[in-house]
Amino acid sequence: MAKDKKKPVQQDEKMPAEAYETVEQDSTENRAENSEDNGGVTLSKDEFERAKAEIERMNAEIETLKKSADEAIGDAQRIQAEFNNFRKRNASVRAESYDDGIRETIKNILPVLDNFERALATSDGSPFSKGMEQIQKQLLDCLKKSGLEEIEAEGVFDPNMHDAVMRDENDSDAESGTITAVLQKGYRAKGKIIRHTMVKVKA
């Protein structure tokens, strides 16, 4: 595009030199101001429209990229939440499996504990009997540390904890449904019953 060339101000023979310098200075300042206003670039109408359309296209592309980024972040957050839930479930299942193994092991040892109690029921106070008592106590302490608890067997019969294997027909002051004798101790381990208490119940 051809630019209009401004002719330099011609000094009139009758114009004083000082006035000529002032006019030339004003013309130079106006050209500088116009250059600053346009950023030093002059656009035609078509060029302006193309630049505007390009800016709109870029803004639309930016919005699309932002939307894609938000979706990717959302997907990543959902995957993280699902993984955390899976890890918690897996930890819970692993802990329960571990407790089941402990319960099964204790259950297999209970007959040994029963035999100790039967043997000590006829204790004569000899050194051998006292030694047996110490071994039985040590075994019981180890089992308790692993979560073993004895089930209470006093008062009213509870089918959730007790197993009534005999009925007490004797005349006594005990009310019907009351436990009158414990035939075999019951135990729970890690909060679950591993053997119900065998009892005699008042008819």
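Residues are numbered from 1 along each chain as its sequence is written, and side-chain values use heavy atoms, with hydrogens and water left out. Because the model is predicted, local features need pLDDT of at least 70 and side-chain atom pairs count only at pLDDT 80 or more, while totals for chains, interfaces and linings use all residues.

## Overall composition

The chain holds three helices and six strands. Helices (H or I, at least four residues) and strands (E, at least two) are DSSP runs, numbered from the N terminus. Along the sequence they follow the pattern α-α-α-β-β-β-β-β-β. Of the 203 residues in the chain, 15% are buried. Here buried means under 20% relative accessible area, exposed means over 50%, and partly exposed lies in between (1.4 Å probe, protein chains only).

## The mixed sheet

Three strands form an open sheet with the order E2-E6-E3 and mixed pairing. Its edge strands are E2 (162–168) and E3 (179–184), each of which pairs on one side only. Neighbouring strands of this sheet are turned by 30° against each other on average, direction ignored. For such angles, axes are lines fitted to C-alpha atoms, for helices over the stretch in contact, and angles run from 0 to 180 degrees between N-to-C directions. Two strands count as paired if DSSP finds at least two bridges between them.

Strand E2 pairs with strand E6 (residues 197–202) in the parallel sense, over six bridges. Asp163 has Met198 in E6 as its bridge partner.

A polar atom of the His162 side chain lies 2.8 Å from the backbone oxygen of Glu152. A polar contact is a pair of N or O atoms within 3.5 Å; within protein, one must be able to donate a hydrogen and the other to accept it, and residues adjacent in sequence count only if both atoms are side-chain atoms.

Met166 also has its place in strand E2, but counts as partly exposed, at 38% relative accessibility. Together with Val165 and Leu183, Met166 makes a nonpolar surface patch of about 240 Å². Patches are made of residues with over 30% relative accessible area and no salt bridge, where like charges are joined within 9 Å and nonpolar side chains (Val, Leu, Ile, Met, Phe, Trp, Tyr) within 5 Å. Accessible areas come from the Shrake-Rupley method with a 1.4 Å probe; for residues, only the protein chains shown count as cover.

## The antiparallel sheet

Another open sheet of three strands has the order E1-E4-E5, with antiparallel pairing. Strand E1 (148–150) and strand E5 (192–195) are the edge strands, each pairing on one side only. The twist averages 40° from one strand to the next. E4 and E5 pair in the antiparallel sense over three bridges, and the bridge partner of Tyr187 in E5 is Arg195.

## Salt bridges

A salt bridge is a side-chain nitrogen of Lys or Arg within 4 Å of a carboxyl oxygen of Asp or Glu. By this rule the count comes to twelve. Three of these pairs are listed below.

| Pair | N to O distance | Relative accessible area |
|---|---|---|
| Arg57 and Glu54 | 2.6 Å | Arg57 44%, Glu54 35% |
| Asp75 and Arg78 | 2.0 Å | Asp75 35%, Arg78 49% |
| Lys185 and Glu117 | 3.3 Å | Lys185 30%, Glu117 24% |

Arg57 and Glu54 are three residues apart in helix H2 (residues 45–120), so about one helical turn separates them. Asp75 and Arg78 are likewise three residues apart in helix H2, which puts about one helical turn between them.

The salt bridge between Lys185 and Glu117 joins two elements. Lys185 lies in the loop between E3 and strand E4 (187–189) and Glu117 lies in helix H2, so the pair ties together parts that are 68 residues apart in sequence. Lys185 is partly exposed, and Glu117 is partly exposed as well. Elsewhere, salt bridges that share partners join Glu96, Asp100, Arg103 and Lys192 into one network.
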